[in-house]
Amino acid sequence: MRSLWLTDSCKDSQVHALNPIERTPQSWLQVERGKLAKMSCSDPSSFYNSSLIKLAEPPIEPNFKPLDYVEVLAQIHEELEASPNHGKSDLYLLQSQVFRGFGEVKLLRRSLQSAWKHASTVHEKLVYAAWLKHEKRGEEMISDLLSQCSKCMQEFTPLDIISEFSPKAASNDLSYPPISKNQEPLLQCGSTSDHSSDIVVFHIGEDEIVCNRQKVATMSAPFHAMLNGCFTEARKRDIDFSDNGISARGMRDICKFSETGKLSDDLSPDVLLDILAFANKFCCEQLKDACDRNLASFIHTEQDAITFMEYGLEEGSQVLVASCLQVILCELPYSLQHEQVAKLFFNIDMRKRSIMAGSASFALYSLLSDVAMKDDLKSDKSAFFLECLRECATTSRQKALAVHQLGCVMLARREYDKAERLFDEAVNEGHVYSHAGLARAKYKRGYKHAAYDEISTLLSSFKQLGWMYQERSLYCDGKEKWLDLERATALDPTLTYPFMYRAAVLMREQSAHSALIEINRVLSFKLTLDCLELRTCFYLALQDYRGALSDIQAILTINPNYMMYGGRVGASQLRSLLIPHVEHWTTADCWMQLYDRWSSVDDIGSLAVIYQMLESDSGKSLLFFRQSLLLLRLNCPEAAMHSLQLARQHATCEHERLVYEGWILYDTGHCEEGLRKAEESIAIQRSFEAFFLKAYALADSSLDPASSVVIVSLLAEALKCPSDGLRKGQALNNLGSVYVDCGKLDLAADCYVNALKIRHTRAHQGLARVYYLKNDKAGAYEEMTKLIEKARNKASAYEKRSEYCDREMTMADLQMVTELDPLRVYPYRYRAAVLMDSHQEEEAIAELSRAIAFKADLHLLHLRAAFHECIGDVAGALRDCRAALSVDPNHQEIMELHSRVHSQEP
């Protein structure tokens, strides 16, 4: 019930109900089948000509991109199984870098969280906690809300540095027994010693500081030798300490410390720094530790950290340095904007680096370089941090990543000779993707043929991947270039440059319709701002100003500061130029347009309308909320969360604010807390959104089948409350899903029909399901055909319709799904299952491998592992299981398969 609820819900557009793979299925097909569940202001079109002078080259990504990511993930998982806890953080960091190369933000964050959880040193805890906070910096506006959740408290709470370091015990110092009145000194030098008193008087200028000789002697070996050994001071009662860099106030506290083991609470940082330097000079470890801790308690602000960090590094004060580091890292990325902060990390020797970060030096500079590159790839900071990262690297993979990223920086800085050398070094360390950087650097230096040969050799030597053909296309022309880009798309449809190039060429050839079809191909399954910008240019060329305005408003929804035409014109500026050229829409017009676009499953168009509606002064919170729903469907989670935050900010009453807080909590993985917010809102005032949130959260959190009765009642209550047809249609659709789960098909059909009456087009899918369960397969097929005819984005509808026809038509529908949205994985699995049932095992595995090459999907890896097991390929099955468990470490069926296959390993 939960999976179907989530599939039909407006909160997600590509969720499939997936059942576990059986051990010995009667038919692979049956098993997979069950799983589907800126120019002239008077003529905006003049902007077109400047946009297509040159299409930007695809960037060389500064990421770790292994040739076979499955193999690398499997190796990491295997090493994690065998690694002691103190070595796991580095492995999880490497895992996160693999996921970053794939653009898998959620998996990247989960790996960083695992690195933080397995941190075995204070420095690792500091670095990974700061990294997690930096990755979630978009949630700063809601940190007050998230900090109420027990799961977030540890992440958001600064580390108690002082308690993390164990105090230096007396037993760890070089202690010596005191000398009694009747005992001779331990070291006899043939001279008479005056030990008639245990008193020693230290003279500092005009001040006399009286101390217990033996107490001071036990503080360190140098003091013991000086006061009880062969030195002149051993025979003296009065000792001149004026030239030892310590003040009288400081020496009094040192004497006090020798007796009590504690420093005074009222010591100023300046005095403590003097004592710290004194403690280092005379090797007084306990005294140094006490100074270190006391100084650490003074670190509260970034300026404090800047002031004391160098002192701490010079004196080797780990607690002080760690406290300074934590404050600086917690303020990323803003802290690095201050040159004083950045300089703290540059050009420090190995000793100071060890004090600052210990074994987490590579992780620290990985974080700092990541922050610097995101801010400005070409900056000196990026280069400096990456040079430090290179110095910290200890393994081939770490060295490869560091020099590859440094090569990307040099490429961006147009220092092509340096870039070429660095990419070559990365290649020698085993990073195959750096061949692309090497070729690009050669091309930029004027060696086009050498660049072409570089990639051609690569294609003939390694497994062919989409990025290889895309890169080679930059170094050839005409038909060969076109063919390379076609091959790049076939191997990796996630690459947007081939689509953009083909569309641009078609537009230059005056084939506007074909150009729009080509750019729409990629926008139908992968929303990127550069593709939207290109389509805007096409609309301008065609003088379709409404279409251009719509796309610009969608762009501004996702990035309000977006700059077009290579950073020359702001999107908001171009929008202002376009508005006088389109018909004005009233509020009523906007609502009609929103209904039309929402009903035709045009999410980008809906976004554009909502952007325009937000210019009015009323109802902003609800509009921001709708905006967030659309952005989630378009796979823009960060923009969606920002819209939810704005909905919360613009809420006009308490009960409304609580609802948006509930959705924020739910969308950040805190379902129970979100449920409580819904209940608090209902207690204040009954509303559609509060009941809907409660029903949604309950459906996702409860495993009890009886909860469906409660969910039905909650949705019924929601429908009694005022709302617009768009939201009521969603509630009716979800209610129908619950009724289906309960076997109440007639009630479900009524819900879907009523949803369709208010133009909730997606209800066709639910109604088709009812027909199918009533054994009316033809009715189900017809219902899905209606959805295909109405929906602008049709891939999901074709996929669902494939369930309600014979195999030949199913294969045709699923082929259409792959053409419309090659990222949907079910068609690959279905075709692979058919091939497996036909005893075409190699072809079945190849079909899955085709998708796995560009999509790290759990279920594809799971099925391929099962296929490998079926044909007796234990190593292949084990590799895929380990890679899958890297994606989801708690997937029960994969864990069982892994255990079973592992037992068969020779």
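Strand E1 (residues 199-204) pairs with E2 in the antiparallel sense over six bridges; two strands count as paired if DSSP finds at least two bridges between them. Strands (E, at least two residues) and helices (H or I, at least four) are DSSP runs, numbered from the N terminus. The model is predicted: local features need pLDDT of at least 70, side-chain atom pairs count only at pLDDT 80 or more, and totals for chains, interfaces and linings use all residues. Residues are numbered from 1 along each chain as its sequence is written, and side-chain values use heavy atoms, with hydrogens and water left out.

**Sheet and disulfide**

His 203 has Glu 208 in E2 as its bridge partner. The open sheet has three strands in the order E2-E1-E3, with mixed pairing. Strand E2 (207-212) and strand E3 (238-240) are the edge strands, each pairing on one side only. On average, neighbouring strands of this sheet are turned by 30° against each other, direction ignored. Helix H13 (residues 248-260) packs on the sheet and touches E1 and E2, and its direction makes about 10° with that of E2. Axes are lines fitted to C-alpha atoms, for helices over the stretch in contact, and angles run from 0 to 180 degrees between N-to-C directions.

One disulfide is found in a search of the whole structure, the criterion being a pair of cysteine sulfur atoms within 2.5 Å. Cys 211 is joined to Cys 255, with an S to S distance of 1.5 Å. The link of Cys 211 and Cys 255 is right-handed, with 60° about the S-S bond. Because Cys 211 lies in strand E2 and Cys 255 in helix H13, the pair ties together parts that are 44 residues apart in sequence. Cys 211 and Cys 255 are both buried; buried means under 20% relative accessible area, exposed over 50%, and partly exposed in between (1.4 Å probe, protein chains only).

**Buried residues**

| Residue | Relative accessibility |
|---|---|
| Val 659 | 2% |
| Cys 476 | 5% |
| Cys 590 | 5% |

Val 659 sits in helix H37 (residues 654-667). Leaving aside neighbours within four places in sequence, Val 659 is in contact (heavy atoms within 4.5 Å) with Ser 681, Glu 689, Ala 690 and Leu 693. The C-alpha atoms of Val 659 and Lys 677 are 6.4 Å apart, while the two residues are 18 apart in sequence.

**Nonpolar cores**

A nonpolar core is a set of buried Ala, Val, Leu, Ile, Met, Phe, Trp, Tyr and Cys residues joined through side-chain atoms within 4.5 Å. Of the 279 residues in the largest nonpolar core, Leu 287 and Phe 345 touch the most other members. Helix H39 (residues 688-701) gives the largest share of this core, ten residues. Apart from it lies another core, of 15 residues, including Tyr 798 and Leu 814.
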